[in-house]
Amino acid sequence: MIFDAFKHKNTLKYFKTYYLINMANEDQNNNNNKDDFQRGLLLDTKPKTKKPSMYNVLLLNDDYTPMEFVVMVLEKIFNKKQEEATQIMLHVHKNGIGVCGTFTYEVAESKCKSVMDMAKKNEHPLQCTMEKS
Ligand code: TYC
């Protein structure tokens with residue numbers, strides 16, 4: 001390209017054009033690089049994790065499930081000690097509903113299923129549900 005320019009009649013004009021085009025390209029590259037750099041910085045300042053939504057697992061009262069069975073469920077599935085399990089059971093017995101624990105969606109869903117399975121196997125009408133906390 002440069003050697004072609006020397007052959008050209010209007011050498012100076014040719015040189016100028018060649019130079020300006022290259023400068024323009026270089027400016028564009030610099031701008032692109034700058035944009036990439038700034039985009040990178042913005043992404044890096046964004047938090048990479050989000051706190052998961054939490055869910056309460058609720059036990060419902062009924063007239064037939066034995067109190068001892070409910071206490072056993074709270075001990076086995078919710079890892080409660082006998083004292084706390086008894087308090088939760090009595091709370092549900094008196095108020096109709098009560099929270100046994102708060103978990104991520106998948107864990108809450110799994111605990112609910114375990115409670116319902118255990119109740120069904122033992123032919124008790126005990127019901128369990130979950131709500132967003
Ligand atoms: N109300 C039941 C009874 O008197 C006991 C009970 C407590 C049942 C809590 C369910 O989630 C429950 N035998």
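Helix α4 gives the shell around the ligand its largest share, three residues. Helices here (H or I, at least four residues) and strands (E, at least two) are DSSP runs numbered from the N terminus. Please keep in mind that this is a predicted model, in which local features need pLDDT of at least 70 and side-chain atom pairs count only at pLDDT 80 or more, while totals for chains, interfaces and linings use all residues. Residues are numbered from 1 along each chain as its sequence is written, and side-chain values use heavy atoms, leaving out hydrogens and water.

**The shell around the ligand**

Around the ligand you will find Leu59, Leu60, Asn61, Asp62, Thr65, Met67, Val70, Met89, Val92, His93 and Leu126, each with a heavy atom within 4 Å of it. At least two shell residues come from each of β1 (54-60), α3 (67-78) and α4 (82-95). By class, seven of the shell residues are nonpolar, three are polar and one is charged; Asp, Glu, Lys and Arg count as charged, Ala, Val, Leu, Ile, Met, Phe, Trp, Tyr, Cys and Pro as nonpolar, and the others as polar.

**Backbone contacts**

Polar contacts here are pairs of N or O atoms within 3.5 Å.

| Residue | Ligand atom | Distance |
|---|---|---|
| Leucine 60 | oxygen | 2.8 Å |
| Aspartate 62 | nitrogen | 2.7 Å |
| Threonine 65 | nitrogen | 2.9 Å |

On its own the ligand has 350 Å² of accessible area, and the protein covers 89% of that (Shrake-Rupley method, 1.4 Å probe).

**The pocket**

The ligand takes up the space of the largest pocket, with more than half of its atoms within 2 Å of the grid points. A pocket is an open set of points on a 1 Å grid over the protein atoms alone, where a 1.4 Å probe fits, with protein on both sides within 12 Å along at least five of seven lines; lining residues have an atom within 4 Å of a point. The volume of this largest pocket is about 150 Å³, taken as the space filled by probe spheres set on the points. Among its 14 lining residues, Asn61, Asp62, Thr65, Val70 and His93 are the closest to its centre. The lining of the largest pocket has nine nonpolar, three polar and two charged residues.

Conventions: A polar contact is a pair of N or O atoms within 3.5 Å; within protein, one must be able to donate a hydrogen and the other to accept it, and residues adjacent in sequence count only if both atoms are side-chain atoms.
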